[in-house]
Amino acid sequence: MHKRCGLLLVFFLMAAPGAASAATGPLLSLTPERVTANRLALAGQPWRVRVVMQPWVEGQTATVRFYRHGHKLRAVNVSLLASSTGKSGYALVAFKTSKPGAIQVKATHLATPTAPLLVATPVKVDVAGLRVGPGARGPAVRLLQQRLAAKGYVVGQRGLFDQRTARAVLAFRKVAGMARTTAADTSLFKAVLAGKGTFKVRHPEHGKHVEADLSRQVVALVRGSRVERIYPASSGKPSTPTIQGSFRVYSKTPGFNAKGMYFSNYFIRGFAIHGYFQVPVFAASHGCLRIPNPDAVSVFRWIKTGDIVDVYP
């Protein structure tokens with residue numbers, strides 16, 4: 001009999017109007033903004049969190065706190081403003097740190113006569129340094145690779161700053177007009193995040209074709225107006241310049257030849273796009289378009305006999 005009464009009492013409390021209103025009362029939430037999909041921010045770059053009360057109750061405030069390893073870095077009291085629909089209240093709180101590491105964000109709303117105590121579920125944002133070197137791993141490398149690949153630069157193993165990713169950095173720097181190195185430093189990260197380094201296609205009317213920009217010393221594999229891949233290259237030195245113009249690939253030779261040319265794609269006379277063991281950041285060949293040996297096979301497979309090769313200054 002007592003067990004039955006207990007069950008009836010639980011049922012009564014669950015069905016009571018007060019319990020229902022508590023379940024549907026105001027909620028407080030936090031959302032990081034101006035970070036990546038994986039909640040990654042870069043050191044020294046500002047980002048923010050959006051604190052939301054839903055439904056909105058006029059005249060409310062919240063406190064947003066930022067922590068690193070349990071140590072409080074900052075606390076901000078904000079007034080919650082009505083959204084455009086009036087169904088929720090919100091505030092934006094900016095944050096920036098020059099030190100890499102995980103940042104935990106918490107928010108609370110103290111009880112008032114019109115709204116109860118509210119505690120948001122904490123969120124975490126990983127802050128990565130603005131510099132990575134050879135062999136580095138982690139979220140900063142993944143972000144760099146993601147942004148480079150989106151513009152057509154050929155990166156390597158995901159999350160690892162390997163030699164292929166270094167070559168992608170070099171190609172980006174060439175197109176962006178930066179120092180021709182493989183350094184992924186603060187200036188490089190800022191340029192990548194600012195959207196620089198876009199390769200401008202000159203001949204979209206040529207469909208699937210190759211463009212060689214001699215001033216920037218890069219080769220791009222292009223389909224219409226869309227850049228598929230960009231590689232660092234080295235064209236003919238001043239005494240043996242690469243011939244400029246529009247040509248078609250007429251012959252392809254796999255493997256090495258007697259001159260050390262690797263997987264060659266000939267577009268006029270003896271001039272070819274080919275792999276070579278040495279590809280300086282400046283024009284140094286005998287007239288061919290050199291690309292790094294590790295990229296030669298992939299390029300060879302992409303280029304077909306008859307494809308147009310546009311060479312311009």
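Colleague: In the hairpin of E12 and E13, how many residues lie between the strands, and which residue takes a positive phi?

Modeller: The hairpin of E12 and E13 has two residues between its strands, and Gly224 is the residue with a positive phi, near 70°. Before going further, please keep in mind that this is a predicted model, in which local features need pLDDT of at least 70 and side-chain atom pairs count only at pLDDT 80 or more, whereas totals for chains, interfaces and linings use all residues. Residues are numbered from 1 along each chain as its sequence is written, and side-chain values use heavy atoms, with hydrogens and water left out.

The names of the elements come from DSSP runs, numbered from the N terminus, with helices (H or I) of at least four residues and strands (E) of at least two. Strand E12 covers residues 218-223 and strand E13 covers residues 226-232. The two pair in the antiparallel sense over six bridges, where pairing requires that DSSP finds at least two bridges between the strands. On its other pairing, E12 joins strand E11 (residues 208-213), again in the antiparallel sense and over six bridges. As background, most residues other than glycine have a negative phi.

E12 is also mostly covered, with five of its six residues buried; buried means under 20% relative accessible area, exposed means over 50%, and partly exposed lies in between, using a 1.4 Å probe and protein chains only. Part of its surroundings is helix H4 (residues 163-176), whose 14 residues reach 20 Å from the first C-alpha to the last, close to the 20 Å expected at 1.5 Å a residue; that expected span is 1.5 Å times one less than the number of residues. Eleven of the 14 residues of H4 are buried, so the helix is largely enclosed by the rest of the structure. Among these buried residues are Arg167, Ala168, Leu170 and Phe172. The buried residues of H4 pack against E12 and E13, and also against H3, helix H5 (186-193), strand E18 (289-292) and helix H6 (293-302), where contact means heavy atoms within 4.5 Å.

A cavity is found on a 1 Å grid over the protein atoms alone, as a set of points where a 1.4 Å probe fits but cannot get out, and its lining residues have an atom within 4 Å of a point. Grid points are joined across faces, edges and corners, and a volume is the space filled by probe spheres set on the points. The structure holds two cavities of 30 Å³ or more. The largest has a volume of about 40 Å³, and H4 and E13 each supply at least two residues of its lining. That lining includes Arg167 and Ala168, together with Ile230, Tyr231 and Pro232, and its residues divide into five nonpolar, no polar and three charged. For these classes, Ala, Val, Leu, Ile, Met, Phe, Trp, Tyr, Cys and Pro count as nonpolar, Asp, Glu, Lys and Arg as charged, and the others, Gly among them, as polar.

The second largest cavity has a volume of about 30 Å³, and to its lining E11 and E12 each supply at least two residues. By class, the lining has six nonpolar, three polar and one charged residues.

To finish, we can follow H4 to one of its packing partners, H3. Helix H3 spans residues 139-150 and contains Val141, which counts as buried because its relative accessibility is 1%. Not counting residues up to four places away in sequence, Val141 touches Val132, Ala136, Gly159, Leu160 and Phe161.

Note on methods: 1 Å grid on protein atoms, 1.4 Å probe; cavity = no way out; pocket = protein on both sides within 12 Å on 5 of 7 lines; lining within 4 Å.
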